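Please open the structure in a viewer and keep the selection panel at hand.

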Protein chains: 2
Amino acid sequence: MNQSPPLAEIFSQGDEIVSGQTTDTNAAWLSEQLVRMGFQVTRHTAVGDRLESLVELLREIASRADSCICTGGLGPTSDDLTAEAVAAAFDRPLITDLDALVQIEAHFTRTGREMPLVNLKQALLPDKSARIDNQWGTAPGFSLRHGRCWFAFLPGVPFEMEHMFLETVRPELTRTWRLDPMQLVTVRCAGIGESAIQERLGCVAFPDKVRLSFRTGPIENQIKLLFQPDVPQADIQALAERVAGAIGSPVFGIDGLEQDSGDLVTVIARQLTQNHQRLSVLETLSAGAIASRCGGARWFKESRVIRDRAEVFKHLAVSCPADSNEESSGKEASVLASALAEHCGSDFALAQLWNFDDRALADRNAVISVYTGLATPTGTCEHSCKLTGTASRKQTVAATQALDLLRRYLQGCL
Amino acid sequence: MNQSPPLAEIFSQGDEIVSGQTTDTNAAWLSEQLVRMGFQVTRHTAVGDRLESLVELLREIASRADSCICTGGLGPTSDDLTAEAVAAAFDRPLITDLDALVQIEAHFTRTGREMPLVNLKQALLPDKSARIDNQWGTAPGFSLRHGRCWFAFLPGVPFEMEHMFLETVRPELTRTWRLDPMQLVTVRCAGIGESAIQERLGCVAFPDKVRLSFRTGPIENQIKLLFQPDVPQADIQALAERVAGAIGSPVFGIDGLEQDSGDLVTVIARQLTQNHQRLSVLETLSAGAIASRCGGARWFKESRVIRDRAEVFKHLAVSCPADSNEESSGKEASVLASALAEHCGSDFALAQLWNFDDRALADRNAVISVYTGLATPTGTCEHSCKLTGTASRKQTVAATQALDLLRRYLQGCL
């Protein structure tokens, strides 16, 4: 059980990657999959469209990794050199795969186009490789073993690559290696910073068999617990609960145990859908980010995005106090939320105000104040906070704070 | 002038990268900078927090590249091994840099915290390296030459890394190499697909000294022209104009000539700000994406995001036809836009309708119809289109189409 995990590498091909035209998101996606399956990923490498570099890299990897997933370079143009590089590196002449040819032609027929002659090239696969069918595009992939390493070659288009990995490569890897999959548990929080999380976790003892990491951002903060294969399920469950308990009300869900909770919006969606309730929102600072994150869901009735303070009050026919301080602004947000809920006939309404200071918003070191009011079937509540960072960060965090106020009400942890 | 460009590599350090917890955006950013400066970027490599892998990789790179920019591994924790790896790989003992120590302490004082002892480690730099000051965080970087290669080590936090690269590394690279910078011109379009772009460019002759590439997405499509250093400015200008002319009205701007046009929203913002005009929007399908892309700008008066068809008409007190077909829906969008402009007292108003078919929205192969109306000081106009793809892609493209209708009116190319 405690053998060391097989080593995997990721190899991305393409001038658009090494020249920085495209960010390589495939490498991160594949690595996350492989780590969870029980591989240790040791290296990512990207090289451009030069045959010599590709050949050299393939040989290097064949000598040091147990498995390598390669993406890109399977297209029809002269820049797409992967199959040719494999042929040269491992001495496997390219042979036309007739089934691949039929599939490529069928793809064109299906999309109502004639197959250009250049696409013939995509049916050329290295001798004694296994074809990996691509139902989602034209380029088939292939796999082969050389030296100690089993290679899978997939197209660079993320959608095609992900499907082909999940349907063909992953089962093949599972058959080939006796893998001990790690278990990843993610504790998901909103409305708390990384240093506060670390402070609250000070009292939790983490055994050696779990690896702790944090992912922080304006949308949520995650505590990731990656468990060694031999940790009993009961211990995993207990530690996850201890972590969630230590952090408290900022935790909105846990992924990786029985059922994934999903993100903040999913947690809210589940509850509102179940209760046949709907939400309306009045956005100011967040400038449409709340509506946008809810993505036109059925439980999301409407949002008004209004830029100027005076217009907000005018819009809801609520009298606008000339002057406002911290305390009155929080109250105002609640009054606006109630007016909105009534106006829209929705069960819940969120209304957000801020100190409407454009200069402070644009200055990443300056602080702005944000006031959120929530109207519910049982009354109103408020939340206020101070935010810094770029304008875009402040807007995103403001949206998170508003959604999280609703989530806390729904989960009964206000 | 025609010597081959110096070779550069990018090296990223961190378990969070090789395990897929973090997508390495630094590599793409740095590559784009280096290519534009006149380097040829040959390889990106990421390795985890293992001293042995780091040492091996540093030695490999020192033997094959002229320059290498490394990110990550400069933090205070035991996982941060970069300086130690450099010391081991190139035989340069670590020495406390007193100026670095003072700066790190000052950073903590500035942010009102006491410096933890672990941060002492960040002042340890390899012997005979040059410190790269970090005014934006705690970790200083450093640079040194070994073998044929000049290395710069920068923190992995993108904001700090980018500032340090632009202020210290770039000038140093420019002093060290006689670089022939390439010139990048980007022709930016909206409302046209990649195949249509390629068809329209069929009549344009591209000389050998320009490299053509495309970047496509739901927000915009870009045609990138990367010119060799010895192409005269007049030829660059002429080719860029020929490309823009061949594509026609979908082109909203050009970057890389005299003045960058910026993105679609920037083009709109420039015009509306100059004319002291404001925009209001009625969003349905786009679910807040239009407001969100405009990010709370002064010229953006307000947006109403409404989910249900009946509510849209009720909201603006416009009578809602029970049945609607393609033609009437376009007309309705215009009527709604006019009503919104009047209601909000704004110069321009966009209103968007669609066929409100949730099932087709969710099905990535299904087609939905989108109708946009624009009210302007001189009358109304309409645009309709059909969209496929994931729900999120359809929503993003719908937002782009709406903003682009306004842009076309403002640029007089409807």
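Select strand E14 (residues 300–306) of chain A together with E14(B): five bridges join the two strands, which run antiparallel. Strands are DSSP runs of E with at least two residues, helices are runs of H or I with at least four, and both are numbered from the N terminus; two strands pair if DSSP finds at least two bridges between them. Within this pairing, A:Ser303 stands opposite B:Val305 in E14(B).

The model is predicted: local features need pLDDT of at least 70 and side-chain atom pairs count only at pLDDT 80 or more, while totals for chains, interfaces and linings use all residues. Residues are numbered from 1 along each chain as its sequence is written, and chains are lettered from A and ligands numbered from 1 in the order in which they are written.

**The interface**

Next, select the residues of each chain that touch the other. Chain B contributes 46 residues to the contact and chain A 44, where two residues are in contact if their C-beta atoms, placed from the backbone, lie within 7 Å. On the side of chain B that touches chain A, the elements that each supply at least two residues include helix H2 (25–37), strand E2 (40–47) and helix H14 (391–410) of chain B. Of the interface residues of chain B, 96% are also interface residues in chain A, so the copies meet through the same surface.

**A sheet in chain B**

Turn to the open sheet of four strands in chain B, whose order is E10-E11-E9-E12, with antiparallel pairing. E10 and strand E12 (251–255) of chain B stand at the edges with a single partner strand each, so one side of each is left without a neighbour in the sheet. Strand E9 (residues 183–189) of chain B pairs with E12(B) over four bridges in the antiparallel sense, and B:Cys189 stands opposite B:Val251 in E12(B).
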